[in-house]
Protein chains: 2
Amino acid sequence: MNLLLLHPEDRLDDTRWQISGRRAEHLRRVRALLPGEQVPAGECGGLLGPATLLEDDGDSMQFDFRGTHPAPAPLPLTLVLALPRPKMLKRILIDATSLGIKRIVLLNSHKVEKSFWKTPELKQSLLHEKMLLGLEQAGDTLMPELLLRQRFRPFVEDELPALSEQTQRLLAHPGDYSPLPSGLSTPVTLAVGPEGGWTGYEVAMLQQCGFTCHSLGQRILRVETAVPALTAHIMQLP
Amino acid sequence: MNLLLLHPEDRLDDTRWQISGRRAEHLRRVRALLPGEQVPAGECGGLLGPATLLEDDGDSMQFDFRGTHPAPAPLPLTLVLALPRPKMLKRILIDATSLGIKRIVLLNSHKVEKSFWKTPELKQSLLHEKMLLGLEQAGDTLMPELLLRQRFRPFVEDELPALSEQTQRLLAHPGDYSPLPSGLSTPVTLAVGPEGGWTGYEVAMLQQCGFTCHSLGQRILRVETAVPALTAHIMQLP
């Protein structure tokens, strides 16, 4: 937790904020924060600035916080990701958020096990929590938008064209394709398949939507390795 | 497991190999491999080629295998990594290996908890096993060299200069530094600090050894996110 992220419900008045639970425990236990000391903070969706601990009654902590400077610029990349297995999904959401990605689509694919869509880990509140951890890690304040799309074809035909309009549409696919572009700071939509890859039909549908296939070397990476690798290769990280 | 990796002890004669245990179970359970069918294989440290299942007695499997083509080219990057916490170390070793890194140094740093050096997970056999998983994932055959160095200063003063000779020495460090180079295919030594970063003293020592500080954007990444991100940003992945 590199940033104390403050939420609307933590606000007492203009500059006074109160937290308890996980964040407070972290600041006590790991940072040993004492009254009068400061910690980097940010208002969810807003500015960053120092927060000064005013008092700590052992349960809740009160802070003085004023946002003074903007959070890092959003990464102009939309990640369209075949739904990974639940355990991996958590990590990937933290990673993708910490990299600055602001829109994530979890999409079905032929090779996604049906059971993944029924797991309790897919509850919006749990996914939200993982993205919060990503923001706290990265020192960022703006939550990504998260879309769950359980039907591949309607999404790719009806939603994806508008969603990816005026972006460079890239499909990471193992095979003998041209290398991925790199160092971009212009908008990109990146589609990443499941373990085992998109099917031929899925690739063809994505190509029809304007996506071009590229590979990131000969080696086959796990999805959770590929997401940070692809992101940092393709984009100029702000 | 995208590759059946064969070891010297699996060899029966010139072209006949026998496996049992984890690999055989995977091929039976996940791939449902039957006699006469082929699976991508490789000889540890050697060539890739198809392996044909000759017989499976439910315990051991016998294959016909002949190497026909080389494994992907090694990535000319040496990773000098502050020893991560044991749970993360496993993942990072799989990731680093799957990315094609062929030399990994696990180094002490002021902010590495002393207990990390005493954990049973640091047994060479366990670390070796993780790197094997990375090779099987990536479809590669050449094991990385792994060095454990529990004393920072003697390593940086006495070993690192020769180890990093004729490589570009890069230090990933959060802060206001010039951006990292990208798309390199020439040799690089990359130093990645612990959670919380190298100390000022450690940065100065590495700079004296010829390392230059660079940052990968404003956001602070977890070490396990940073390793694939940095690798795929800096290097042209073969």
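Q: How are helices, their axes and the angles between them defined here?
A: Helices (H or I, at least four residues) and strands (E, at least two) are DSSP runs, numbered from the N terminus. Axes are lines fitted to C-alpha atoms, for helices over the stretch in contact, and angles run from 0 to 180 degrees between N-to-C directions. This is a predicted model, in which local features need pLDDT of at least 70. Residues are numbered from 1 along each chain as its sequence is written.

Q: At what angle do helix 2 and helix 3 of chain A pack?
A: Helix 2 (residues 86–98) and helix 3 (residues 124–138) of chain A pack at about 40 degrees, and their axes are 7 Å apart. That makes helix 2 of chain A oblique to helix 3 of chain A; angles under 35 degrees count as roughly parallel, over 145 as roughly antiparallel, 65 to 115 as roughly perpendicular and the rest as oblique.

Q: Which residues make the contact?
A: Contact means heavy atoms within 4.5 Å. Among those involved are A:Leu89, A:Leu93 and A:Ile94 of helix 2 of chain A, with A:Leu127, A:Met131 and A:Gly134 of helix 3 of chain A.

Q: Is A:Gln166 buried or exposed?
A: Buried means under 20% relative accessible area, exposed over 50%, partly exposed in between (1.4 Å probe, protein chains only). A:Gln166 counts as exposed, at 76% relative accessibility. This residue sits in the loop between helix 4 (152–163) and strand 9 (168–172) of chain A. The phi of A:Gln166 is positive, near 55 degrees, in a residue other than glycine.

Q: And what is the phi of B:Gln166?
A: B:Gln166 has a positive phi of about 55 degrees, although it is not a glycine. B:Gln166 is exposed too, with a relative accessible area of 77%.

Technical notes
Chains lettered and ligands numbered in written order. Predicted model: local features only at pLDDT ≥ 70, side-chain atom pairs only at ≥ 80, totals over all residues. Heavy atoms only, no water.
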